[in-house]
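Biologist: I would like to learn how to read side-chain features in a model, going from the general idea to the particular case. Could we take them in turn, with the cut-offs stated as we go?

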Amino acid sequence: MRGGIMIKPEGELKVSFGYQCNSNRDSSCEDSDEYETLPELRRNSSFSCLSGAALSANATLANTNICNGLIGAEILPSWDSPNSFRRVPSSPTLSRLDILSSSLQSSMSNLSCSPSTPDSDSYLLKSMSPPSRSEGFLNAMEVQVAGGAAGEDRVQAVCSEENGWLFCAIYDGFNGRDAADFLAGTLYETIVFYFNLLDWESSQESIKVSSGLDLDGSLPYMEDDSNTINEERFLPQIYRDTDSSVDNVSKNAPCAKPKVSTNSFRHGVLDSLQRALSQAENDFLYMVEQEMEDRPDLVSVGSCVLVVLLHGKDLYTLNLGDSRAVLATYGDGDFMNGSERLKAIQLTDSHTVDDEGERMRVLCDHPDDPMTIVAGRVKGKLKVTRAFGVGYLKKKKLNDALMGILQVRNLMSPPYVSTQPSLNVHRISKSDCFVVVGSDGLFDFFTNDEVVKLVHSYILSNPSGDPAKFLLEQLVVRAANCAGFSMEELMNIPAGRRRKYHDDVTVIVIILGTNQRTTKASTCV
């Protein structure tokens, strides 16, 4: 079925990459020049392979001039690898952010964007010296990266199979690609910093406890446990003090050291993700304020954000906007009974005015503004209720930078668009099969159930195939049918004009496999 549908117009399939952990590879792929076998690795991750693909519909120029051009000239080239995974050394914490900080010529280092609030996380970025990345939560001396841009979308994947984690992100930009570019260049590094900060905080607590300086009952740093993947090391102080749930101490242990619950650890990870996103938002809006005199359009640029972090058997999600992560699972009962009814479970919330809960939240936040939602959009401008950037709906002075009809009238009580993300953690089980991560363009044409059925049927008949690319091909077929075109006719419409028929679409398919313990990693287009 896949062989008869190929997307080949000039440059339209902007991104297509794959990563395969399974050592039982198809021989035809193994003989390919594009297939690289990596050294023997210790597998402790919960995924066996993934594929990503992105299709553009918008005609968007690369925005290389933000942050004095350093985003496009120095940072993104080190991340982008649109057609394959490539190995890169794990750079020192905040190396890229240090470059950006200098470009902004801020009075505070490391992208400090809130000079008036020295107690904020921005101040921590200046004053703390956390451990190196090789010692932190996402510890790795070397990682594999892939990703790129398609229209206003950006996609990233960073993997350390040896250490059992996978980071994936889709940044669905709108009104330009500057916000998505900024996220692609900085958010991963910022997240790593906050994970390392958790490690730093727990290490400092450990020193105090071992020195007998902290005997007030707070929980100390714990020795490693092979079944917990060092989870206890990274708890922020707030969770150690407030969560009294601890595991029983082993009777065979030489010293009685209580163990912090893994639930507290997961709260700490989610908190770090949220803090990193908040930091990135502050940094971006600060950059916009510095550059909006020359580029007033920056105040309207924004992006949806979807981050998926698979660490061991924990699947964390953070999202703003309407991108989705959908889990395909049999459910414990169906799996155990052998009924094999695959279910689609959406792991993320949809932040749009079409969602009744979101709509009511926005209206309640602005009770004195009768024009909060106009024509199904926030202030008549935006369908999503939570997003990165879009400063003109968050700050009056940014809205004032616009002129004429572009300016929002009666901006009575900003911010109207929230940067509070939805956060979730799911424990991978044997009944979970795969996760589909996609921008909203995918779900304009397919329901969650349809996406799961398409991927499931495809991987059954094409176990070594590319399910992400297959989904895009099926989307083009459906979009063409809806428009009354053949697929070839639709794809021959230039980007920009084709946006009338479908959006930019980005898809990542992560094949889960908790029982697989392969010994080699490989990359394959």
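**Reading side-chain features**

Modeller: Let us start with a polar contact, in which the side chain of Arg 266 meets the side chain of Asp 314 at 3.0 Å. A polar contact is a pair of N or O atoms within 3.5 Å; within protein, one must be able to donate a hydrogen and the other to accept it, and residues adjacent in sequence count only if both atoms are side-chain atoms. Because this is a predicted model, local features need pLDDT of at least 70 and side-chain atom pairs count only at pLDDT 80 or more, while totals for chains, interfaces and linings use all residues. Residues are numbered from 1 along each chain as its sequence is written, and side-chain values use heavy atoms, with hydrogens and water left out.

Biologist: Where does Arg 266 lie, and is Arg 266 buried or exposed?

Modeller: Arg 266 belongs to helix α7; helices (H or I, at least four residues) and strands (E, at least two) are DSSP runs, numbered from the N terminus. With a relative accessibility of 13%, Arg 266 counts as buried, where buried means under 20% relative accessible area, exposed over 50%, and partly exposed in between (1.4 Å probe, protein chains only). Not counting residues up to four places away in sequence, Arg 266 touches Asp 314, Tyr 316, Val 425 and Arg 427, a contact being heavy atoms within 4.5 Å.

Biologist: How should I read a salt bridge, and how many salt bridges does the count come to?

Modeller: Side chains of opposite charge can pair when their charged atoms come close. The rule asks for a side-chain nitrogen of Lys or Arg within 4 Å of a carboxyl oxygen of Asp or Glu, and the count by this rule is 19 salt bridges. One of them joins the side chains of Asp 271 and Arg 275, with 3.9 Å from N to O. Both residues lie in helix α7 (residues 262–291), four residues apart, about one turn of the helix, and both Asp 271 and Arg 275 are buried.

Biologist: How many residues of α13 are buried, and what follows α13?

Modeller: Twelve of the 17 residues of α13 are buried, so that the helix is mostly covered; among them are Phe 470, Leu 471 and Leu 472. The expected span of a helix is 1.5 Å times one less than its number of residues, and α13 reaches 24 Å from its first C-alpha to its last, close to the 24 Å expected. At the start of α13, a side-chain oxygen of Asp 466 comes to within 3.3 Å of the backbone nitrogen of Ala 468, and after α13 comes Gly 484, whose phi is positive, near 80°.

Biologist: How are aromatic pairs read, and how many does a search of the whole structure find?

Modeller: A pair of aromatic rings is described by the distance of the centres and the angle of the planes. Rings of Phe, Tyr and Trp (its six-membered ring) pair if their centres lie within 6.5 Å, and planes under 30 degrees apart count as stacked, over 60 as edge-to-face and the rest as tilted. The search finds eight aromatic pairs. One of them, Phe 485 with Tyr 501, is edge-to-face, at 5.2 Å centre to centre and 75° between the planes. Phe 485 lies in the loop between α13 (467–483) and α14 (487–491), and Tyr 501 in the loop between α14 and β19 (505–512), so the pair ties together parts that are 16 residues apart in sequence. Elsewhere, Trp 79, Phe 167 and Tyr 188 form one aromatic cluster.
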